[in-house]
Amino acid sequence: MPALPNLILVGPMGAGKSTIGRLLATDLSREFLDSDHEIQARCGADIPWIFDVEGEAGFRDRESQMIRELAEREQVVIATGGGAVLREENRRVLRESGTVIYLYTTVNQQLRRTAKDRNRPLLQRDDRRQVLEEMFVLRDPLYRATSDIIVRTDRRGPRAVASDILRRVER
Ligand code: S3P
């Protein structure tokens, strides 16, 4: 049987991309690469600092560069940041790199999972529900257009979601 292509996780903040990505990588004995983590390691600073100093546009440039590099790798599991699908170039690069999985979740679940978060600059405000709802309207069609598979993560734990993904990609 030919080896599986790269598995690439897209979806909004709090969908479980890092947790589920790590489980998939362990199950498949593959390397797990987290785009946000790699950006921070290269920059030597955390994401709030990058947003503060370089603005969201600066962060998006770093993100596009990192996505190009990670997409060149083979036999890996990649978790992207929630805004990775905003640029057409990123969507194309991700699709060409492997099987793209959209981890779908609801705004209510996002609010619960990101309640105490201090590391996501776009959520450091009082109207988080409105921010997330507006993001959903803009981004849900982009996640759908980019992905091969859509999996809900709001009704089951990460272990069940990862097993479901494996069943679907190994078919
Ligand atoms: C962002 C999501 C974050 C991170 C940055 C911007 C977004 O990643 O890339 O804060 O625009 O949705 P996670 O989806 O891993 O939280």
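Predicted model: local features only at pLDDT ≥ 70, side-chain atom pairs only at ≥ 80, totals over all residues.
Is glutamate 170 buried, partly exposed or exposed? I started my notes with this residue. Glutamate 170 is partly exposed, because its relative accessible area is 41%, and the cut-offs are under 20% for buried and over 50% for exposed. I found glutamate 170 in helix 7, which covers residues 158–170.

**Entry: aspartate 117**

Next I turned to aspartate 117. I located aspartate 117 in the loop between helix 5 (107–113) and helix 6 (128–146). Is aspartate 117 buried or exposed? I noted a relative accessible area of 15% for aspartate 117, so this residue is buried. The limit for buried is under 20%. Its side chain reaches the backbone nitrogen of asparagine 119, at 2.9 Å.

**Entry: strand 1**

I then went through strand 1, residues 6–10. Five of its five residues are buried, so I wrote it down as mostly covered. I checked the two faces in turn. Asn6, Ile8 and Val10 are on one side. Leu7 and Leu9 are on the other. Both faces are covered.

Which strands pair with strand 1? I found strand 4, residues 98–104, pairing with strand 1 in the parallel sense over five bridges. Strand 3, residues 76–79, also pairs with strand 1 in the parallel sense, over three bridges. I followed leucine 9 across both pairings. In strand 4, leucine 9 stands opposite isoleucine 101. In strand 3, its bridge partner is alanine 79.

**Entry: the largest pocket**

I looked for open space next. The largest pocket holds about 550 Å³. I counted 31 residues in its lining. Met13, Asp36, Gly81, Gly82 and Arg120 lie nearest the centre of this pocket. The elements that give two or more residues to the lining are helix 1 (17–28), strand 2 (31–34), helix 2 (35–43) and helix 3 (47–71). Which element gives the most to this lining? I found that helix 3 does, with five residues. By class, I noted nine nonpolar, twelve polar and ten charged residues in the lining of the largest pocket.

**Entry: the ligand**

I listed 13 residues around the ligand. Lys17, Asp36, Arg60, Arg120 and Arg139 come nearest. I then read off some polar distances. Aspartate 36 has a polar side-chain atom 2.7 Å from an oxygen atom of the ligand. For arginine 60, a polar side-chain atom also lies 2.7 Å from a ligand oxygen. Glycine 83 has a polar backbone atom 3.4 Å from an oxygen atom of the ligand.

**Entry: the cavity**

The volume of the largest cavity is about 80 Å³. I listed its lining as Pro12, Tyr102, Gln110, Leu132, Met135, Phe136, Arg139, Asp140 and Tyr143. Helix 6 gives the largest share of this lining, six residues. By class, I noted six nonpolar, one polar and two charged residues.

Definitions and conventions
Residues numbered from 1 in each chain as written. Heavy atoms only, no water. 1 Å grid on protein atoms, 1.4 Å probe; cavity = no way out; pocket = protein on both sides within 12 Å on 5 of 7 lines; lining within 4 Å. Points joined across faces, edges and corners; volume = space filled by probe spheres on them. Helix = DSSP H or I, 4+ residues; strand = E, 2+ residues; numbered from the N terminus. Nonpolar A, V, L, I, M, F, W, Y, C, P; charged D, E, K, R; others polar. Buried < 20%, exposed > 50% of the residue type's maximum accessible area, 1.4 Å probe, protein only. Pairing = 2+ DSSP bridges. Near = heavy atom within 4 Å. Polar contact = N/O pair within 3.5 Å; in protein donor to acceptor, adjacent residues only side chain to side chain.
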